[in-house]
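Work through these exercises with the structure open. Try each task before you read its solution.

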Amino acid sequence: MAQLLAFQLGSEMYGLEVTHIQEVVESPPLYYIPRAPASLLGAINFHGSILPVLDLAACLGFGEKERDLRIIVLTPEEAQLALAVSAIVGIVSFAEEALLPGQEGQTLTACIRAVLPDRGEMINLLDLNRLLVSLDNF
Amino acid sequence: MDMSKYRDMFFSETQEHLHNMGRLLIDLEKNPADRDGIDSLFREAHSIKGMAASMGYQRTAELAHHLEDALDGFRAGGQIPVAAFDRLLAGIDLLEGLVDDLAAERPERDIAEFVDGGAPTEVFADLPAAPSAELSTPTVPVPAAEPEAASEETLRIVVELAYGAVAPAARALLMVRDLAGQGRLLNSVPDEQELLQGGAVQRLELRLKTSRPAATVKERLLAMPDVARVSCVVERPQPVRRDARERTVRVRTGLLDQFINLAGELISNRYMLQAAFAENRVQDLKLGLDQLTRLITDLHHQVLQVRMMPVASITGRLPRQVRDLERKTGKSVSLHIEGEEVEMDRAILEALADPLMHMVRNAIDHGIEAAGELVVSASREKDLVLIEVRDNGLGLDPEAIRRKAVERGLLSPAQARSTADRDLFQLICVPGFSTAAEVTETSGRGVGMDVVKSVVEQLGGTLQIISAAGAGTRIQLYLPLSVAIIQVLLVECEGKTVAIPLTRVLRTLEVTREEIRSSGRQKVVRLGDELVPLLSVRKILQLPHRPMSGSIPAVISEVRGRKVGLVVDRLVGQREVFVKSLSFPLDRLAGISGATTLGDGSIVFIIDPQTLLEEQAAGSKLRSAGGNP
């Protein structure tokens with residue numbers, strides 16, 4: 001069984017495999033990044049590393065203003081990046097076989113790798129690769 | 001077995017062997033019967049072959065083996081035939097290409113054409129067959145690479161249509177079809193079917209496989225009506241793997257021993273401090289702290305030492321480059337390299353490699369006449385390293401530069417007369433300023449000198465040009481030994497702090513309202529006999545505007561050789577900081593050269609005023625171009 005961290009973006013539920021996550025940090029101070037796009041909220045000092053915090057909801061086009069103060073720090077193998085989401089929900093266990101393919105088109109714009117049905121709800125599995133490619137565009 | 005550790009070692013060592021091979025070959029060309037030289041060359045090829053074979057890099061091993069065979073034949077014959085040099089050099093180039101492929105995790109490129117003697121001269125063909133039994137892995141035929149055009153890339157394109165465009169779906173459809181004509185359209189959202197149904201389309205996302213450069217595709221789209229914004233980027237197949245290849249340095253074992261000694265001293269220092277604290281001996285505490293300060297300074301010094309590399313690591317390629325240029329231009333150039341043992345921070349050296357080649361190319365193209373001398377030297381001058389490229393050729397003609405500067409409107413005729421030659425020469429570093437009567441195939445003098453200057457300045461260095469008509473040209477780069485620790489000026493705008501490298505600050509001043517004049521629509525301030533434009537850092541950083549009041553703090557900096565005054569809310573002060581380089585995605589932001597952590601743990605980004613201003617200019621140009629339907 002794999003595990004994912006479920007979180008809310010606007011009214012939708014997203015998830016990211018815990019293997020991609022290094023730590024969830026409790027409301028770290030955010031520092032100003034000059035001339036950063038609006039989707040970068042600032043930078044945090046994570047054990048001496050300087051990580052930008054990406055507002056995932058804004059980045060994926062959810063007009064949500066609500067933000068969880070906790071920040072998700074990705075493992076350094078993925079990227080030197082931290083994510084802010086609308087609300088962190090919790091850990092969900094899942095079997096790889098339970099994943100359904102995302103809808104064509106949606107997978108592109110909304111960075112969804114697959115969809116996991118979970119107790120009547122749908123959890124969109126974040127496509128981290130696609131998200132990082134889109135950041136090339138700053 | 002985890003090979004990644006060995007992979008990095010393979011790359012750094014192979015790189016070194018390839019450099020050596022290039023250098024040895026150039027030396028041998030002058031003295032083709034030098035037995036020791038041929039032996040060394042053979043050993044280098046042999047080492048590459050061995051390493052590549054043990055890593056399982058078949059084609060690299062095969063090619064190295066092929067070169068080794070050829071060299072073995074030459075060794076038996078006592079010398080390298082003149083005709084073989086080009087082919088051997090081509091072989092080294094191909095090896096470099098293979099190593100690039102491996103580093104980028106691409107399949108190794110095809111070598112069959114080269115090995116089979118498809119190159120112009122079949123000089124290896126009639127050589128005695130050398131024993132080939134010692135290759136440790138059998139060379140099995142490798143499947144041919146996909147016949148895909150090498151330069152084809154997948155572009156990710158996002159087009160935003162202007163608000164209020166008439167029949168946007170039809171516009172979008174035309175774009176999709178136009179793009180399909182420029183390559184292979186992998187997908188499009190919305191797709192053609194959806195677009196045919198019409199409706200309010202605002203945004204078009206496509207992936208296009210094409211051999212055209214992204215900029216060309218983008219320009220073409222921007223030229224179409226109703227296009228508000230276009231972004232066009234090359235898709236990286238594995239974006240998260242971009243930094244997978246760890247950089248490595250070789251460290252002298254002596255240096256490591258010093259680290260161990262220092263660690264030992266730090267441990268005894270700790271015991272001393274603990275004991276002094278337990279027994280409340282204030283005098284010993286103070287003594288211990290003094291000792292700790294010294295140890296930390298030592299440690300810092302040693303850590304920086306680890307990053308040092310000899311200048312030879314970038315001058316190694318010059319003999320080869322000069323040889324190629326001699327061929328191309330038909331000139332005869334004798335190259336001397338001095339001070340290759342001088343050490344500098346590897347980051348600085350890596351950044352200098354291209355500018356150095358450029359200066360050498362310039363000197364040969366435009367300085368040296370039919371025959372001449374070129375000296376590249378490195379030397380320590382206190383805390384700086386001086387790198388000089390000196391030729392004994394034509395020299396710069398100050399009068400030609402004066403004329404050109406007036407023609408281009410860079411100087412008024414009066415200014416041109418009063419400017420000293422030394423300052424005048426700096427003008428060849430202005431983008432597009434060229435005094436070459438014609439632009440040669442390789443370069444026009446001045447083309448690219450702007451790049452050289454901006455690299456040097458980004459590293460916190462300075463560039464000087466000394467020349468006289470008929471007496472050659474010397475270009476001098478004064479560079480810091482290390483980039484890791486720099487002096488910055490902290491400034492504040494809208495409660496946000498940013499750092500400006502002190503090397504970019506000429507001076508700071510407080511301007512009163514009365515001192516500010518308006519010239520055109522530009523606010524200026526008089527500084528000596530110069531009018532310096534005032535630019536708002538708030539505006540540059542896209543922060544909310546605030547009317548100026550009272551006395552205004554300004555930082556005088558130089559952008560493209562011109563003084564500018566950067567207006568800030570507050571000058572916070574000067575600090576010595578440890579610069580952290582930025583990794584993806586922060587390294588994608590233009591105008592930020594690094595970041596640092598202050599004593600209280602807060603993060604401050606280091607800005608480069610020149611890049612920021614250029615970005616701003618480029619951005620506004622783009623916006624106005626996109627806004628006009």
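**Exercise 1.** Find the largest nonpolar core and the residues with the most contacts inside it.

*Solution.* Start with the term: a nonpolar core is a set of buried Ala, Val, Leu, Ile, Met, Phe, Trp, Tyr and Cys residues joined through C-beta atoms within 7 Å. Buried means that 20 or more other C-beta atoms, placed from the backbone, lie within 10 Å of the residue's own. In this predicted model, the largest such core has 82 residues. A:V53, A:A82, A:L83, B:V491, B:A499 and B:F605 have the most contacts inside it. Next, look for the largest share: six residues come from strand β12 (residues 485–493) of chain B. Strands are DSSP runs (E, at least two residues), and helices are H or I runs of at least four, numbered from the N terminus.

Local features need pLDDT of at least 70, side-chain atom pairs count only at pLDDT 80 or more, and totals for chains, interfaces and linings use all residues. Residues are numbered from 1 along each chain as its sequence is written, while chains are lettered from A and ligands numbered from 1 in the order written.

**Exercise 2.** Which residues does B:F605 touch, not counting residues up to four places away in sequence?

*Solution.* In chain A, B:F605 touches A:I33 and A:P34. In chain B, B:F605 touches B:V498, B:A499, B:I592 and B:A595.

**Exercise 3.** How many residues does each chain give to the contact of chain A with chain B?

*Solution.* Chain A gives 25 residues and chain B gives 30. On the chain A side, α3(A) gives the most, with four residues.

Notes:
A residue is buried if 20 or more other C-beta atoms lie within 10 Å of its own, exposed if 12 or fewer, and partly exposed in between; C-beta atoms are placed from the backbone. Two residues are in contact if their C-beta atoms, placed from the backbone, lie within 7 Å.
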